[in-house]
Amino acid sequence: MKIMKLRFLCLSLIACFAVLAFAKPSTWNVDPAHSSAGFSVRHMGISNVKGHFSKVTGTVVLDDQDITRSSVDISIDATTVDTGVSMRDGDLKGANYFDVAKYPTITFKSKGVEKNGDKLKVNGDLTLHGVTKPATLDVDGPSDAITDPRGNSHRGFSASTRLNRHDFGVDGGKMAVGEIVQIDIDVEVVMPAAKTAK
């Protein structure tokens, strides 16, 4: 009986290792209703002006067995910029800043993921104002998966980076607006419940 139990245990362990070895990366869709990208920049060197973009879309491919093999493809709708002041928002959408008529989206496409303690560093290409430059996101996450009442799985990430806006040709307000912009992104991703065959 003990030998049978031992064999069963060994077979179970082998089966578990086999599942882990052949587990495929999973693709998650960004949930725009629960995701946003914010920014902060100094004004006149004495205060911080904050704003956000309300529409973030894209996909995240997660490899839970080797997180460094994961990837990110994010798009931010620059036309949704909102600082709480309509006149300023209009200026930001214009040619002095984002020029959304020509460049309506800001994108980030990862090229590599590195572990950094209990966080991640995601390296990739950031395209802003029609200019593409390397950028690194410092990432908290992914969170553990949560299942909603409909059976959909949800996970979350928080990411941040800093950039010099002049590197991307965003040169408006040179005397009043700081060069360095802090960017913070909160993303919720969703995997729909598996459909059962009828």
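The largest cavity of this predicted model holds about 230 Å³ of space. A search of the whole structure finds one cavity of 30 Å³ or more. A cavity is here a set of points, on a 1 Å grid over the protein atoms alone, where a 1.4 Å probe fits but cannot get out; the points are joined across faces, edges and corners, and a volume is the space filled by probe spheres set on them. The lining of the largest cavity consists of 18 residues, and Val60, Val72, Leu137, Val139 and Phe157 lie nearest its centre. Lining residues are those with an atom within 4 Å of a point. By class, 15 residues of this lining are nonpolar, three are polar and none is charged (nonpolar: Ala, Val, Leu, Ile, Met, Phe, Trp, Tyr, Cys and Pro; charged: Asp, Glu, Lys and Arg; polar: the others, Gly among them). At least two lining residues come from each of β4 (56-62), β5 (71-77), β7 (105-116), β8, β9, β11 and β12 (177-191).

Residues are numbered from 1 along each chain as its sequence is written. Local features need pLDDT of at least 70 and side-chain atom pairs count only at pLDDT 80 or more, whereas totals for chains, interfaces and linings use all residues; side-chain values use heavy atoms, with hydrogens and water left out.

The chain contains two helices and 12 strands, in the sequence order α-β-β-β-β-β-β-α-β-β-β-β-β-β. Helices (H or I, at least four residues) and strands (E, at least two) are DSSP runs numbered from the N terminus. Of the 198 residues, 34% count as buried, where buried means under 20% relative accessible area, exposed over 50% and partly exposed in between (1.4 Å probe, protein chains only). Among contacts between residues at least 6 apart in sequence, 52% join residues at least 24 apart, a contact being heavy atoms within 4.5 Å.

Strand β9 (residues 131-140) pairs in the antiparallel sense with strand β8 (residues 119-128) over nine bridges. Two strands pair if DSSP finds at least two bridges between them. Lysine 121 has aspartate 138 of β9 as its bridge partner. The two strands form a hairpin with two residues between them, and histidine 129 in the turn has a positive phi of about 60°. A further antiparallel pairing, over three bridges, joins β9 to strand β11 (residues 153-164); here valine 139 stands opposite alanine 159.

When residues up to four places away in sequence are not counted, valine 139 touches Lys119, Leu120, Val122, Phe157, Ser158 and Ala159.

The largest pocket has a volume of about 560 Å³. A pocket is an open set of points with protein on both sides within 12 Å along at least five of seven lines. Its lining comprises 31 residues, with Phe39, Val41, Leu92, Phe98 and Val181 nearest the centre. Strand β2 (residues 36-43) supplies the largest share of this lining, six residues. The lining residues of the pocket divide into 22 nonpolar, five polar and four charged.

Several backbone features fall in loops. Most residues other than glycine have a negative phi, and most peptide bonds are trans. Glycine 141 and proline 142 are joined by a cis peptide bond with an omega of about 5°, and proline 142 lies in the loop between β9 and β10 (146-147). Methionine 44 has a positive phi, near 60°, and is placed in the loop between β2 and β3 (47-53); methionine 44 counts as exposed because its relative accessibility is 51%. Aspartate 99 likewise has a positive phi, near 50°, in the loop between α2 (86-93) and β7, but counts as buried because its relative accessibility is 12%. Glycine 45, also found in the loop between β2 and β3, is exposed at a relative accessible area of 52%. The C-alpha atoms of glycine 45 and glycine 178 are separated by 7.0 Å, although the two residues are 133 residues apart along the chain.
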